[in-house]
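Dear colleague,

I am handing over the model we spoke about, with notes on what came out of the analysis. Please read the notes with the structure open beside them.

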Amino acid sequence: MTGLTQMVESRTNGSRLRRSRRTAVMPQKRRRGWAVTPWLFLILPLGFLLVFTYIPVMNMLWYSVTDWDGLSKTKEFVGLSNYGTFFSRPALFRVFFVSLYYIGASVVQMALALYFATILTFSTKFKNLFKGILFFPYLINGVAIAFVFLYFFQPGGTLDSLLGMIGMDGAKPQWLGNPDIVNFSLAGTSIWRYMGLNFVLFLGAIQSIPGGIYEAAELDGATRWQQFRYIIAPSIKPIISLSFILAISGSLAVFEIPFIMLQGANGSATFVIQTVNEAFKFNKVGLASAMAVILLLIILIITWVQRRLIPDEEVNLT
Amino acid sequence: MRARIAATGKYTTLILGCLAALVPLVVMVLTALKTKQDFATSGPLDLPTSFTLANFADAFNKADMASAFVNTTIILVVSISGTILIGTMAAYAIDRLTFRFKKLIVGLFLLAALVPGVTTQVATFQVVNTLGLYDSRLAPIALFMGTDIVSIYIFVQFMRSIPVSLDEAATLDGANHFTIFRRIIFPLLKPAIATVVIIKGVAIYNEFYIPFLYMPDADLGVMSTSLFRFKGPLGTQWEVLSAGAIIVIVPTLIIFLLLQRFIYNGLSAGATK
């Protein structure tokens, strides 16, 4: 999004030029300072932004240092003890480790996406059909996906039958019931759901590489692997890094699938599930706010690191 | 020879990938077509021996999908119209006008894009409650309209490509900013509006937690929450639950088949910004 800031800056300069030109034409129309018109355009967007983003965030900061239960009229100031509680109670803190499964899954997901995007770049029969099928899961409603995979993983369900078909009839684990396995199952579901988005983004980036380059490389005797290694990989590096950063903050914010499928049971509770449970199930708004603030800070730090690591410029091949 | 092996490998992996995407869904369709007795006596991968559409009717009635569809449509139409109006207005101010504290305000919008939505509901809930929007369709509508930075970004980006000389010509003809916005800029933003409608439409149709948290009333169910609540009473009647899931998926499939190209482009524009 730094693009937006830069763009606004360049636009500001541009309009300064325009304004001086306009001032020459209609001196009475331009007044400096608190012109009303811009604020008429901004009042609605800014109003919504303040009421539904900034006021909640401010309140959240305040709640996080109180013992509020969400209902009572009084809030007692308790300093940083909510933060202390979170970091000192292993039962709460362990939700961070659940994120690791999803970070692992996003690596697999991006590798698969990159593989499919690359092979579909070269001429393929039924290309659009393959593309559509691989992408479609991303569009499906989360509750429907949760149903599909509840049935997929249930004892005697789709997965067990598939394994039976290829002769693996042996010990069938409780895919969703065993706390040691449940997060692998859910992370797998996450790959199924989100791989298509990464795939389409990568495919778009690869297709913006001018086709002539591959021909030239082929004339020079480059193999497919070399074409990938020296043409495709460098030119889509920015989108890969961006997707990876988004995947990490996404892994911390996993919510829907484990919540709908299991309500966070069997050790599948993620950071966000734990937070909303504290707030709306156990009425510990103070503690939940502290957790939300921690997540917000982590995401801000990750984004800041991303800005430092990945320059906001495109690789230019031509 | 080597090329043949490479091609075989390529198509094998593609077919495996597509099977992985499709098998869980196809099994749901098979299950939904089975009668209760057929379901009880067959495995998930077996074809139905009987054929019935009764499960779909059952799911449609029991989950109250008709009212869910109406609620979803109302929320979709109102929030998307609002998002477009608010987004284009904000974009016009940011891209075309100069005002004090512009950098600060743009910064506020950018920073808001980073705030993770679900967690702040802890505090947003109090705001929505104070405004008296709790348990009404206005709660999700307001939240969908109010927190969409990606749309503003898409509009600003598109607006950049509209030549400023058009505005200037209109100014010389005596048009003020509202006329320029309404008569010139807004109509030219159509492609960007289409993109926003698609991204936002998919997101709202699929949103679960906001309607779940803010509209507990059974009459206010949307597609997501009606399907979710449907699971409770039916527990393990998978032939009916599968039918319910498919009813929710079918509209998405139809839209996808009709608008494929726009959806790919729209999501690429929205996801990376």
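What pattern does chain A follow when read along the sequence? The pattern of chain A is α-α-α-α-α-α-α-α-α-α-α-α-α-α, and its secondary structure comes to 14 helices and 0 strands, where helices (H or I, at least four residues) and strands (E, at least two) are DSSP runs numbered from the N terminus.

Some conventions come before the rest. This is a predicted model, in which local features need pLDDT of at least 70 and side-chain atom pairs count only at pLDDT 80 or more, while totals for chains, interfaces and linings use all residues. Residues are numbered from 1 along each chain as its sequence is written, chains are lettered from A and ligands numbered from 1 in the order in which they are written, and side-chain values use heavy atoms, with hydrogens and water left out.

Chain A as a whole

Of the 318 residues in chain A, 52% are buried, a word used here for under 20% relative accessible area, with exposed meaning over 50% and partly exposed in between (1.4 Å probe, protein chains only). Among the contacts in chain A with a separation of 6 or more, 65% are between residues 24 or more positions apart, contact meaning heavy atoms within 4.5 Å.

The interface

Between the two chains, 105 residues of chain A are in contact with 105 residues of chain B. Together they bury about 9600 Å², 79% of it on carbon and sulfur atoms; buried area is the accessible area (1.4 Å probe) that two parts lose on being put together, summed over both. There are 15 residue pairs in polar contact between chain A and chain B, both residues at pLDDT 80 or more, a polar contact being a pair of N or O atoms within 3.5 Å, of which, within protein, one must be able to donate a hydrogen and the other to accept it, and residues adjacent in sequence count only if both atoms are side-chain atoms. On the side of chain A that touches chain B, helix α2 (residues 36-63) gives the most, with 21 residues. The residues of that side divide into 72 nonpolar, 22 polar and 11 charged, where Ala, Val, Leu, Ile, Met, Phe, Trp, Tyr, Cys and Pro count as nonpolar, Asp, Glu, Lys and Arg as charged, and the others, Gly among them, as polar.

The nonpolar core

The largest nonpolar core has 190 residues, of which Phe86(A), Phe135(A), Leu139(A), Phe199(A), Met261(A) and Phe109(B) touch the most other members; such a core is a set of buried Ala, Val, Leu, Ile, Met, Phe, Trp, Tyr and Cys residues joined through side-chain atoms within 4.5 Å. Helix α9 (residues 182-207) of chain A gives the most to this core, with 14 residues. Neighbours within four places in sequence aside, Phe109(B) is in contact with Pro45(A), Leu46(A) and Leu49(A) in chain A, and with Ala90(B), Ile94(B), Ile149(B) and Ile152(B) in chain B.

Salt bridges

The structure holds 6 salt bridges over all chains, each a side-chain nitrogen of Lys or Arg within 4 Å of a carboxyl oxygen of Asp or Glu, and the count between chain A and chain B is 0. One of them joins the side chains of Glu256(A) and Arg193(A) (3.2 Å, N to O), and this pair links distant parts of the chain, with Glu256(A) in helix α12 and Arg193(A) in helix α9 of chain A, 63 residues apart. Glu256(A) counts as buried because its relative accessibility is 16%, and Arg193(A) is likewise buried, at 7%. Contacts of Glu256(A) beyond four places in sequence also include Asn206(B), Glu207(B) and Phe208(B).

In chain B, Asp95(B), Arg96(B) and Asp167(B) are linked in a network of salt bridges. The closest N and O atoms are 2.9 Å apart for Arg96(B) with Asp95(B), and 2.7 Å apart for Arg96(B) with Asp167(B). Arg96(B) lies in helix α4 and Asp167(B) in helix α9 (residues 164-172) of chain B, so this pair ties together parts that are 71 residues apart in sequence. Arg96(B) has a relative accessible area of 4% and is therefore buried, as is Asp167(B), at 3%.

Backbone

Two residues other than glycine have a positive phi: Phe101(B), near 55 degrees, in the loop between α4 (65-96) and α5 (102-112) of chain B, and Asp135(B), about 60 degrees, in the loop between α6 (117-130) and α7 (138-146) of chain B.

With best regards
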